[in-house]
Number of protein chains: 2
Amino acid sequence: MEAWPVPPLPTDIVPRKIRYAPDDSLARPFVPLASAFRDGSDSVRAYLERCLETIEAAEPSVRAFVVRQDAKVLRDAADAATTRWRDGKPLSAVDGMPIVVKDMIETIDLPTQMNNPIFTGWHARRDAASVMALRGAGALVIGKTVTTEFAVGNSGPARNPYDSNRTPGGSSSGTAAAVGGGMAAFGLGTQTHASTIRPASYCGAYALKASFGALHVGGVTPLTTTLDHLGLFGASLEDLWAGTMVIARRIGGTPPHPGIQGPIGLPDAHKPKALIRLDMQGWSETSEATRAAFEALVDKVAKAGVKIIDRRGDSQVEALEQTLADVYEFALDLLAWEARWPFGTYRDQGPRMVGPRILDLLARAEAMDGARYAEAVRRREALQTQVHALSDRAEGFLTLSASGPAIEDHAFTGSRSYPLPWTLVAGPTFAVPVMAVEDLPLAAQVAGYRERDAELAAIARWVRDQAMAQA
Amino acid sequence: MEAWPVPPLPTDIVPRKIRYAPDDSLARPFVPLASAFRDGSDSVRAYLERCLETIEAAEPSVRAFVVRQDAKVLRDAADAATTRWRDGKPLSAVDGMPIVVKDMIETIDLPTQMNNPIFTGWHARRDAASVMALRGAGALVIGKTVTTEFAVGNSGPARNPYDSNRTPGGSSSGTAAAVGGGMAAFGLGTQTHASTIRPASYCGAYALKASFGALHVGGVTPLTTTLDHLGLFGASLEDLWAGTMVIARRIGGTPPHPGIQGPIGLPDAHKPKALIRLDMQGWSETSEATRAAFEALVDKVAKAGVKIIDRRGDSQVEALEQTLADVYEFALDLLAWEARWPFGTYRDQGPRMVGPRILDLLARAEAMDGARYAEAVRRREALQTQVHALSDRAEGFLTLSASGPAIEDHAFTGSRSYPLPWTLVAGPTFAVPVMAVEDLPLAAQVAGYRERDAELAAIARWVRDQAMAQA
């Protein structure tokens, strides 16, 4: 098998199209069912069966999974969790929760294959730190989900759960599709440029890219050491936060980062005094319908009494917009230079063993030198300083998560314009899928300051509540 | 197979004892032969054959290797390198150099088994960043070398090349034994506490633990993120530096660290104005004969005109000695807490799948909390500040690498007292095996300030030259 040229989309995908509305989505929350799990009016086992039914029905169209855990194993584990809930002794808020794991993240029991032929059938023989934490809390890994090749190259077969002609976004394609499509309550992905926030928006999943380092990346196959983040996906904000905090409490951040500090339960909604609205490069790519949806959301937020600060007449925000418009090339420099390893060692295994995108990045790195890399590092640090300087003026930032709904494409998984800047900023950012455009999901991006993840969760909750109440 | 209880030493080890002297050692330098490789009076192929003969003769006693590369593959590669040297076009100073790789470090062609049954037969399907760099420069990986279990647990079968009743030290046991014993010119190991400097001293190899982050650790199976260092071993200081700089130039540090800055060739010897002599906790464990050997070396250095500063009458050095005497418990806290992953996921694979030392560390972590870990991080940072404050008084530090020659043991691989503090300091440190005690190797430790690796290499060279000239 070869990774070159770009593999085409499978021809046997069953067409499917489903209307999305923020208050009528396919996503299947788990955490809000806790009291029903306790009182027996619902059960973890029944929840699992609903997921498995959805998978059975939708997977011929969605193709979210690379490999699935044996259903008997899952049912036995769900039965045990069902009993714990009814005995009032669940291991945690996620005990028995079906979760999916991007195929870049190591699991003991399932192979980790990274959508590249070198790793066909490869087993890591360990769980990633995040998977270890979630399993320890009782979560059930129901399968490994499609990634683009090494989280940056060729697309896999996964399709958007709302329209099989459209991409789910990348690189966490399968996780976004599975969580957005009601196949699992929570999922793990990664974000090095845009790989969590973009697919979450396309698939109608809630998502978080936490502060850099605040969630342990051990066992996530590395691309870079300074941009790689764990990405979290939830069927609801409550599911998203519960899975996130299980990781934070049980294993924490990548040492010496202590991990996200905050309550185990989703923080109460907090109405910010002010938010900064950012357009970024993405605005020029954004359709009228998408702009209108975002403007309507901004209006709602403003009418609720939040001061919206934007570039108009504000030289500090205008300066930040100018900086942000100019990050895309140096962000590629950071990725290309840092990913010389491991991409070099993959390329060395054969002339057609990695796809064209990986080869492009290696070629870019070969045209660079250490000074150019150092300049990229310096520019990222300057951006971080510039963002932090706004922290006394507004509690967060409001922007789009994507330049529109999922595109009708396969090889291209969408623009990185909106999510990428906050990867560089290293602050937390939530995808909050409270808009619909062309009956497809679209998420706002609620972004914040580094190490203030829990504060931002409270703001994201408030934004969601506002949007849903008035939807 | 199980990792528990501690596996005994193999019963079929062929006894062997060889007298060591600093100027008459088993080590087999490669880099100093460059002109002979060029003019044809020697060849890389002939060098390889000498290594293979040594392995054939000594391996029944030394047991340095877990797995060896096929000799035909090595001979073909050595022949190609031989031709390149004779054509005046070697790929680098290490073209055709036989090297060994600790079995904690990933290699495409050979399994990475970590002396634990979980990883029996496991292949990483990639080269570690350091291995990729060395191979790209023409080095030949002749085999994977014995490590203690996951670089901290049960001893493997490797024995000291000078006395098969003695340990080679751990955890980089096989790399130290192979390089010290003349089986390879250069080798990769790791150091998280003491795993490079200690075995280098026991086996008569030169070694470097570079500044933290200054050599890319990608593909080194992680124990911790803040203590893990690559460890380098060389048959001579010239070999050590050549291999080190190949890694530094070709892949650099763990991003964003640019990597060791310095010349490709070993820097000229530099006589420091002053060195600080440190005793540390190790001194109380050190025998009279070892103390005498070290005092003699210090005397030589002093008589050559270097000011020796020590704790006597110097309150700043005395304060540092007191800090250093107290690092051992918090260093274990750092290791235990950070290694919850991956050790937790190994333990989860079966009740007897990890050895007692790993279980002890997991138990220690379970008795800790985040506040205790944060205190350990704080103390390490304070130590680093305290050491740095001496940089205007002396260009480096002189101490022992081990509390004596290799001990007659198997399960215990020796005291970590001397090497551990500089792991915490995060500065570079060289093992310079210029002493003999009981006809066994003993290394001085030449330690320096963070990011000044090349300056320290020049001092280590001067110390070596002084010691050897007057030996």
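The side chains of B:Arg347 and B:Asp348 meet in a salt bridge with an N to O distance of 3.9 Å, where a salt bridge is a side-chain nitrogen of Lys or Arg within 4 Å of a carboxyl oxygen of Asp or Glu. This is a predicted model, in which local features need pLDDT of at least 70 and side-chain atom pairs count only at pLDDT 80 or more, while totals for chains, interfaces and linings use all residues. Residues are numbered from 1 along each chain as its sequence is written, chains are lettered from A and ligands numbered from 1 in the order in which they are written, and side-chain values use heavy atoms, with hydrogens and water left out.

- At 29% relative accessibility, B:Arg347 is partly exposed; buried means under 20% relative accessible area, exposed over 50%, and partly exposed in between (1.4 Å probe, protein chains only).
- Salt bridges with shared partners link A:Lys17, A:Asp163, A:Arg166, A:Glu408 and A:Glu438 into one network.
- Over all chains, the structure holds 68 salt bridges.
- Side chains of opposite charge can pair when their charged atoms come close.
- B:Asp279 and B:Arg277 form a salt bridge whose closest N and O atoms are 2.8 Å apart. B:Asp279 is buried at a relative accessible area of 12%, and B:Arg277 is buried at 7%.
- A salt bridge also joins B:Asp310 to B:Arg312, at 2.5 Å from N to O. B:Asp310 is buried, with 11% relative accessibility, whereas B:Arg312 is exposed, with a relative accessible area of 67%.

**Interface of chain B and chain A**

- The contact draws 37 residues from chain B and 36 residues from chain A, contact meaning heavy atoms within 4.5 Å.
- About 2800 Å² is buried between chain B and chain A, 59% of it on carbon and sulfur atoms; buried area is the accessible area (1.4 Å probe) that two parts lose on being put together, summed over both.
- B:Arg125, B:Arg126 and B:Trp341 supply 28% of the area that chain B buries against chain A, more than any other three residues.
- Helix 4, helix 11 (340-347) and helix 13 (370-388) of chain B are the elements that give two or more residues to the side of chain B that touches chain A. Helices (H or I, at least four residues) and strands (E, at least two) are DSSP runs, numbered from the N terminus.
- Helix 11 of chain B provides the largest share of that side, 6 residues.
- By class, the side of chain B that touches chain A has 17 nonpolar, 13 polar and 7 charged residues. Ala, Val, Leu, Ile, Met, Phe, Trp, Tyr, Cys and Pro count as nonpolar, Asp, Glu, Lys and Arg as charged, and the others, Gly among them, as polar.

**Helix 4 of chain B**

- Helix 4 (residues 129-136) of chain B is largely enclosed by the rest of the structure, because 6 of its 8 residues are buried.
- The buried residues of this helix are B:Ala129, B:Ser130, B:Val131, B:Met132, B:Ala133 and B:Leu134.
- These buried residues pack against helix 11 (340-347) of chain A, and within chain B against strand 2 (98-102), strand 3 (140-145), strand 4 (186-191), strand 6 (229-234) and helix 7 (237-250).
- After helix 4 of chain B comes B:Gly138, with a positive phi near 100°.

**B:Cys51**

- B:Cys51 lies in helix 2 (residues 44-62) of chain B and is buried, at a relative accessible area of 0%.
- Apart from its neighbours within four places in sequence, B:Cys51 is in contact with B:Arg28, B:Pro98, B:Gly182, B:Met183 and B:Ala184.

**Aromatic pairs**

- The count over all chains is 29 aromatic pairs. Rings of Phe, Tyr and Trp (its six-membered ring) pair if their centres lie within 6.5 Å; planes under 30 degrees apart count as stacked, over 60 as edge-to-face and the rest as tilted.
- A:Phe343 and A:Tyr346 form a tilted pair, 6.4 Å centre to centre with 45° between the planes. Both lie in helix 11 of chain A, 3 residues apart, about one turn of the helix, and both A:Phe343 and A:Tyr346 are buried.
- In chain B, the ring centres of B:Phe343 and B:Tyr346 are 6.4 Å apart with the planes at 45°, so this pair is tilted. B:Phe343 is buried at a relative accessible area of 1%, and B:Tyr346 is buried at 1% relative accessibility.
- One aromatic cluster is formed by A:Phe119, A:Trp122, A:Phe150, A:Phe343, A:Tyr346, B:Phe119, B:Trp122, B:Phe150, B:Phe343 and B:Tyr346.
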